[in-house]
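Dear colleague,

Please find the structure below, handed over for your own study. I would ask you to look through it before reading my remarks.

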Amino acid sequence: DPNAYSQSKHHQMVGLRYQHGHLGGDSYTIKELKLFELNAHNDIRLVLNNFRTDFEGGSRPYSQCDGGGMYTRSKILLIPQNTLSHGLNDFKLKETVDREETDPNTCKVHKTTQHKTHQLQFNGEKYLFEHLDFLDFGI
């Protein structure tokens, strides 16, 4: 991942982003991120594991009126802050969730968008993040 996750000269961070998903029925695509710290002694330490940055999925009808459906797109941006916790950058997390629901009776599509921010800090061992406190992915 080419993003700059660290602004410290003594602690570099490298991100590994990967994607997995399922097609058919209720289809989805998930992108996750692992962050590794590289210190001045070239030691590597996993500091953020399986952090879900993107989700896209749901059930879509074959036609607009074919039984309704729901589709969700969610994205979380990690924005490095100038503040440090235990030597590593804090992050501001900005999540946006877009949902589309098709009413099976009226065939109308209802769209909603939610935004939420959160602060992510390093506790000396790893970044802790409980996704249940953030926006619901709808899965």
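Predicted model: local features only at pLDDT ≥ 70, side-chain atom pairs only at ≥ 80, totals over all residues.

Residues are numbered from 1 along each chain as its sequence is written, and side-chain values use heavy atoms, with hydrogens and water left out.

The model holds an open sheet of six strands in the order E1-E2-E3-E4-E5-E6, with antiparallel pairing. Strands are DSSP runs of E with at least two residues, numbered from the N terminus, and two of them pair if DSSP finds at least two bridges between them. At the edges lie E1 (11–22) and E6 (109–120), each pairing on one side only.

Strand E5 (residues 88–102) is joined to E6 by 12 bridges, and the two run antiparallel. Leu93 has His118 in E6 as its bridge partner, while Thr102 is partnered by Val109. E5 and E6 form a hairpin with six residues between them, and Cys107 in the turn has a positive phi of about 65°.

Asp90 lies in strand E5. Which side chain is joined to that of Asp90 by a polar contact? It is the side chain of Ser85, at 2.6 Å; a polar contact is a pair of N or O atoms within 3.5 Å, where, within protein, one must be able to donate a hydrogen and the other to accept it, and residues adjacent in sequence count only if both atoms are side-chain atoms.

Yours sincerely

Technical notes
Helix = DSSP H or I, 4+ residues; strand = E, 2+ residues; numbered from the N terminus.
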